Amino acid sequence: MSQLTPSAASGSILCLSGHDPCGGAGIQADIETINSLGGHAACLITCLTVQDSRGLQALQPVDAGLLAQQATLLMDDLSIRAVKLGALGSAGAAELAAALIRRLRSINPALPVVLDPVLSAGGGGQLSDRALLSALRSTLLPLITLCTPNHAELQALSPANQASELVATGCQWLLLTGTDAAPADAPVIQHHLYGQSGLTQVFDCPRLPESYHGSGCTLAAALSFYLATGHTVTEALPAALAYTQQCLEDARPLGQGQWFPQRHPPRS
Ligand code: PLP
């Protein structure tokens, strides 16, 4: 497997994600991933959800004022090397994330920020509304180093459904993940990386037989770890994809629906 050695003490990765009580996705996926890779996750839980491996039934955003108080303490205390954004739960949390990134970048202009623009749960059910989508597009995207939408999320973020448009007007890099677009019998899933000069690289990953809860969270969290430890986007991607593939190959059917990635340290 492709593996990178952290090139610097990793400090902390600030994660803003939702809580998934069944433990496959969201903030737990971020913590497990970052920990198993050797990093430390500091966490702002943006929303609570009612869900299991079969789908999402309800979402309760956490008050953005409370998140701001937590963030203020963390930023004074910890050395934040990267920010990872998952389900934000409300437009208020997206605005707060933008303010935090601006403040952190005033100290470290190169701070990497990964956005997994989670709009719905893997098993079904909405994790976003119109106001959040609008805040993602107008406020957050221009601050993002690497955005990792699937095809449905790209369509929601870009009315023209164009990855190159989002890169031209917003984030620096975009990884269009292909699981939701691959035909059922396709032997590989293709992920497309777009940079400022357009399509840069295509990654083929062997298709696995199941559907997995928290696979996108795992990939984005692994990317944030590799970027936090000093790697470039083109170095971080093969390592994060290989790590995610390993977690999915070892996944377990713990519930009645999607399987749960097993986030062990990377095999060497
Ligand atoms: N974050 C939260 C809180 C979730 O509940 C979910 C899905 O249920 C996700 C993120 C996205 O999960 P996945 O990586 O399977 O797309």
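Predicted model: local features only at pLDDT ≥ 70, side-chain atom pairs only at ≥ 80, totals over all residues.

1. Nine strands form an open sheet with mixed pairing, and their order reads β3-β2-β1-β4-β5-β6-β7-β8-β9. The edges are held by β3 (55–61) and β9 (198–206); each has a single partner strand, so one side of each is left without a neighbour in the sheet.

2. One pairing is worth a look on its own. Strands β6 (residues 146–147) and β7 (residues 173–176) run parallel and are joined by two bridges. If you want a landmark there, Cys-147 stands opposite Leu-174 in β7.

3. Now to the ligand. Which residues are closest to it? They are Gln-51, Ala-121, Gly-214, Gly-216 and Cys-217, out of 15 residues that surround the ligand. Helix α7 (residues 215–228) gives the most to this shell, with three residues.

4. A polar side-chain atom of Gln-51 lies 2.4 Å from a ligand oxygen. From the backbone, an N or O atom of Gly-214 is 2.8 Å from an oxygen of the ligand, and a backbone N or O atom of Ser-215 is 3.4 Å from a ligand oxygen. Taken alone, the ligand exposes 390 Å², and the protein buries 92% of that.

5. You will find Ser-53 in the loop between β2 (40–52) and β3. Is Ser-53 buried or exposed? Its relative accessible area is 5%, so Ser-53 counts as buried, the cut-off being under 20%. The side chain of Ser-53 also reaches the backbone nitrogen of Gly-257, at 3.0 Å.

6. Finally, compare Gly-65, which lies in helix α2 (residues 64–77). Gly-65 has a relative accessible area of 36% and is therefore partly exposed, a class that runs between the 20% and 50% limits. How far is Gly-65 from Ser-53, with C-alpha atoms as the reference? Twelve residues separate Gly-65 and Ser-53 along the chain, and their C-alpha atoms are separated by 30 Å.

Key:
Residues numbered from 1 in each chain as written. Heavy atoms only, no water. Pairing = 2+ DSSP bridges. Helix = DSSP H or I, 4+ residues; strand = E, 2+ residues; numbered from the N terminus. Buried < 20%, exposed > 50% of the residue type's maximum accessible area, 1.4 Å probe, protein only. Near = heavy atom within 4 Å. Polar contact = N/O pair within 3.5 Å; in protein donor to acceptor, adjacent residues only side chain to side chain. Areas by Shrake-Rupley, 256 points an atom, 1.4 Å probe, with all protein chains shown as cover.
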